[in-house]
Amino acid sequence: MTAWLRRLRIAFYLGLLLLGLAVAGLWIFFFVTLRDLPQVPEPLSRIIETPPTEIYAASGERIMLIGGREAVALNRVSPFFIQAVIATEDHRFWDHRGIDKLRLVKAFWVNLLRTGRVEGASTITQQLAKNLFFTFQRTYQRKLRELLVALQIEARYSKNEILEAYLNQIAFGVGAHGVEQASQVFFGKPALQLNLAEAALLAGLPKSPTRYNPFRNFERAKERQKVVLSRMAAVGSITTEEAALARQARLNLRPPGRTEPAGSYFLDLVLKDLEERYGTDVVHHAGLKVFTTFDPQLQAWAAESVQSGLERLDQILKIPAAAGGDPNAHPQAALVAIEAHSGAVRALIGGRDYGETEYNRAVQSNRLPGSGFKPFLYYAAFEKTGLHPASVFVDRKVTIPIPGQPPWAPRNFSGDYDGPMILKRALSHSVNSIAAQLVERTGVPPVIDAARRCGIKSPLARVPSVALGTSGVSPLEMASAFATLATGGIQHDPFWIRRVEDSAGRILEERIMSSRRALDASIAFQVVDMLRAVLDEGTGNVIRQLGFHLPAAGKTGTTDEFNDAWFTGFTPTLSVSVWVGFDRGMSLRDPQGRGITGGRGAAPIWAEFMRKATEGEPQREFAVPSDIRFVQVLPTTGQPALPWGPRGVEVALRASQVPSLAPFSGGREPSPTGGGQ
Amino acid sequence: MEDLTEPKDLRDWAARTFALPGLVVGAALAAMIVAEVHLHWVERLVGAYLVSTNSDRPESGAIWEKGRKALSARSAVERLASDREAYQRMARNSGNLSEIVGSLAPGQGAMLSAEHFRELYQKMPQGLAADMISPFELLRLANEGRWSRTYLEKASDGLMVYLLEPNNHVLRQFKVASASLALLARRADAANQTLENIAGFQGRIYAAERFFAALASLAEDERRGLVPQPERLLEVSGRITRVGLSDEALAGFVDIGFEVRTGSQSRVLLLQGQDWAVWRLRSLLEGKRPASGPGKSPLEGISPQ
């Protein structure tokens, strides 16, 4: 025997041995794998049995589904979509029994020979098995287990049952699971009504829901749609002409604003609250029914107002639109609208774009309110010291000694000092030097106490400058605290969940809208009357210029380096706080270096929102307490204005304060209708 | 028998490979492969085997995990809902406020209809009820028609009562202090007790004959002030053996306990008398000289509520 023949013989027997070992190994591997292979549920439709948690707006409209699936029978899905999915994902679906062997060989060949290219060969059944039982970890064992489960599913269920289960659990991105939900989210119609172009677009998404999200990357999604249509034509589901027509067909995507769950920042707040109370599993798996205070119409107006306000701000700051993508390149905004007489949060915007950043600036962000905090100072001063809106202070350079620290020398925003003026004018023109004198006279604790009584819960530093807003608060707190002023001193805690029911409709909890008297009604009204002047003639008069004319009160707030711009204001029924600023301590300054104030940055958003929110509403005045008298006084002396003398400023005084104005009070009783001015 | 020998050379190898047995084995193999490609018998066999062993395998994987979470979540919610229903049922069936309060843990609450609360209110001692909320205020609210439900919430230091309109806005809210709740509880417990066992009567328990003799010596308005509803005593079956006067006054009223004996059983009926009249009687019972006129009670301030 020649040497090579001997070698061949050895190789043959060695190969035979290896083959035997491989078969034995595979056999053992099969049974080992089998041992902890998961049980397949019976029936397969069990995958969609969990009832979803449903969140409802105050109007009764359902605004979000969590968990669960909106399952549809196969005959309620557009045939175009079924064909598109099969053509794209697994065109031999109807022929194989769980594995597409030809595709497997091809994928093996490609993966082996073409380095860097990975070709999958998962059938629809394998994908279903993976989604139901396995993680997305890529291991050979996982792959084998997935394959075995696929074989079992094929052996137990009909092709239609498998396809139906697959279509009802597939992820399309943007929180849409299952074809029915996806069809509603992207096209606002049932899955049965999808046309060829729409079906092809949707069928292309599961490959990479984020990459092909048509709301963000329409062109990419369109390219993917073309691939799907080509596949459909290639496998004979449609003709090439039909494919060409579908490629050119116009896609009527649902407006982006309506795609993500409406008011996502609000819903985040609701979810977080629910999870804290009931636990994550209950929220996601127990099928709760949650009735919220959310007003979809107000929310839409809030979103529009914030969007247009931020665009205007981008123009002022000369920030190019191309800077998009980096959330720190643009200023952010937050808006909270609260029903004054209950504390119900009706609309909430937590940032420029929820898709870009989910950080909820309306609730989680504590920013310095600046002069927006002054109403609490004025209230505390009136309550503690007996001062009133006609009391006169001198606007002058002040230095407040602070024990153990350098003296505090606040400056006026304008840099000028205007001499003597009444407190009403000092507040409406946001004069810092007078605010500093007031806090010196009143003391810090009463100011903090007044803010706390109104509903401010964030930590407040016990320093005089706290009265000028040097401790951070959230827009939610500001809207809530100003609502206490709007109601004449009745404080309601803000809330967003009215009632929670289980899936059978049994009530688990319901909100009792309790309140407490936090402020003296007459003093609160005096502050409200002063805050009205902020809009009518003070730092917030842009509100009136922008066409909002209903009775309202409010206060601007701007921090020293123009990092924050605020406007918080209210009508007798609605309290709204708007904040504008950069996330990372950057100044809001235009290219000329001029800073953006609350009046310039936040008040226009407030005005636009309130104009829409109150459109068609009757004129409602703030309720005037019975002991309030309206008196015309001179703005610099606080003395009564004489009919023949210079024009006075109307101030609201308590009856006991009127006689102190000698010699002529000019007092006026509140009008029987409750009209203030 | 022919000896088995291995092929000697390549030709021998080829000859043996393409001999009939080799061809048959090859054809059978090829047939199996073709049959598999067309009929998928391997997949069917494995699949059928897996179906047959399905019930023996573990309930593991994402879908089962989710199922377990759903199950535990639903049972948690079920517990919450049934607890709440139990409170509600108990509240609906309660004949007095102290029963409701006794069954609630701090922080828990029960919702009642406005009518049910009015019934409970009527059953409360006059002074305590008036101290909670004036009957005229309640009448006004009931008459306005907005008051639809009442929410009772047990706090650590008493009971919060919220009178609600249909949208759960609070029309009136008030707190019943722990001391008042304790009084209510005492009244509820008094039925099957003797006077000694009820707090507040020690040292002020008198024989019935002595009490009624003193009562008879009072003027009519004083007697009316002391026992405003004597008909309740007339309804009692059994004999009143002893009478106790409480040392606590609440909103101008003082508890008077009448111990009634029926056979070998004793029970106490609690009524409320106006504090000034009770003081007058007590002065008589203890042989002190009574001060004149109503509204001058030495009991005032003893246990201010």
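In this predicted model, A:Tyr378 touches A:Leu423, A:Ala426, A:Leu427, A:Ile434, A:Leu438, A:Val527 and A:Met530, leaving aside residues up to four places away in sequence. A:Tyr378 is also among the residues with the most contacts inside the largest nonpolar core, which has 133 residues. Chain A and chain B bury about 4500 Å² between them.

**Nonpolar cores**

- Along with A:Tyr378, the residues with the most contacts inside the largest core are A:Leu335, A:Trp606 and A:Phe609.
- Helix α19 of chain A, residues 521–536, gives this core its largest share, nine residues.
- Another core, of 65 residues, lies apart from it and includes A:Ala129, A:Ala182, A:Phe186 and A:Ala221.

**Helix α17 of chain A**

- Helix α17 spans residues 444–454, and eight of its 11 residues are buried, so the helix is largely enclosed by the rest of the structure.
- The buried residues are A:Val444, A:Pro446, A:Val447, A:Ile448, A:Ala450, A:Ala451, A:Arg453 and A:Cys454.
- A:Gly455 follows α17(A) and has a positive phi, near 125°.

**A:Gln225**

- A:Gln225 is found in helix α9 of chain A, residues 218–234.
- The relative accessible area of A:Gln225 is 0%, so this residue counts as buried, the cut-off being under 20%.
- Leaving aside residues up to four places away in sequence, A:Gln225 touches A:Ala197, A:Ala200, A:Leu201, A:Ala246, A:Arg247 and A:Leu251.

**Contact between chain A and chain B**

- Chain A brings 55 residues to the contact and chain B brings 49.
- Carbon and sulfur atoms give 61% of the area buried between the two chains.
- A:Gln39, A:Arg506 and A:Ile512 supply 15% of the area that chain A buries against chain B, more than any other three residues.
- Six salt bridges are counted between chain A and chain B.
- A:Glu510 forms a salt bridge with B:Arg149, with the closest N and O atoms 2.8 Å apart.
- On the side of chain A that touches chain B, at least two residues each come from α1 (3–35), α4 (124–133), α5 (140–156), α12 (280–285) and β14 (507–510).
- The largest share of that side, 10 residues, comes from α1(A).
- By type, the residues on that side of chain A are 29 nonpolar, 10 polar and 16 charged.

Note on methods
Residues numbered from 1 in each chain as written. Chains lettered and ligands numbered in written order. Predicted model: local features only at pLDDT ≥ 70, side-chain atom pairs only at ≥ 80, totals over all residues. Heavy atoms only, no water. Core = buried A, V, L, I, M, F, W, Y, C linked by side-chain atoms within 4.5 Å. Buried < 20%, exposed > 50% of the residue type's maximum accessible area, 1.4 Å probe, protein only. Helix = DSSP H or I, 4+ residues; strand = E, 2+ residues; numbered from the N terminus. Contact = heavy atoms within 4.5 Å. Buried area = accessible area lost by both parts, 1.4 Å probe. Salt bridge = Lys/Arg side-chain N within 4 Å of Asp/Glu carboxyl O. Nonpolar A, V, L, I, M, F, W, Y, C, P; charged D, E, K, R; others polar.
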